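This report looks at a surface patch and at a group of aromatic rings. Please keep the sequence and the model at hand while reading.

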Amino acid sequence: QVQLVESGGGLVQAGGSLRLSCTASVSNYGMGWFRQAPGKEREFVCYISIGGRMTRYTDSVKGRFTISRDNAKNTVYLQMNSLKPEDTAIYYCVAVKIFGGTAEYDYDYWGQGTQVTVSS
């Protein structure tokens, strides 16, 4: 069973930054992040391939968020800059054995989530 452990969430003012981390119990998985805001459906945020060469972002975070990974530590990071109140959500780390798309069903494993709150 693959385990994903997220950390780094918290409260930040609009315009600020946070970095989320997710450590996996296995290696060689595509990794990504989804988020779910209050009263809204869960949505895709970003994805990074196993080797880190390919990344994908939803339009609303392009230019502000950066996903990266350290395969030696089985850890993926989400650097979030210029945060906006609409970024407030629970952020979930996800993993897929081969290739991940933008749909929830593309991913095999999910973390428990970490809360990010951006105040205006």
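Ile98 lies in the loop between strand 9 (89–96) and strand 10 (109–110). The model is predicted. Ile98 has a relative accessible area of 69%, and because the cut-off for exposed is over 50%, Ile98 counts as exposed. Together with Met54 and Phe99, Ile98 makes a nonpolar surface patch of about 310 Å².

Phe99 also belongs to an aromatic cluster, along with Phe34, Phe44, Tyr47, Tyr92, Tyr107 and Trp110. The structure holds seven aromatic pairs. In one of them, the ring centres of Phe34 and Trp110 are 5.0 Å apart. The planes of these two rings stand at 50°, so the pair is tilted. Phe34 is in strand 4 (residues 30–36) and Trp110 is in strand 10, so the pair links distant parts of the chain, 76 residues apart.

Are the two partners buried or exposed? Phe34 has a relative accessibility of 1% and counts as buried, because the cut-off for buried is under 20%. Trp110, at 25%, counts as partly exposed.

Definitions and conventions: Residues numbered from 1 in each chain as written. Predicted model: local features only at pLDDT ≥ 70, side-chain atom pairs only at ≥ 80, totals over all residues. Heavy atoms only, no water. Patch = residues over 30% accessible without salt bridge, like charges linked within 9 Å, V, L, I, M, F, W, Y side chains within 5 Å. Areas by Shrake-Rupley, 256 points an atom, 1.4 Å probe, with all protein chains shown as cover. Salt bridge = Lys/Arg side-chain N within 4 Å of Asp/Glu carboxyl O. Helix = DSSP H or I, 4+ residues; strand = E, 2+ residues; numbered from the N terminus. Buried < 20%, exposed > 50% of the residue type's maximum accessible area, 1.4 Å probe, protein only. Phe/Tyr/Trp six-rings, centres within 6.5 Å; stacked < 30°, edge-to-face > 60°.
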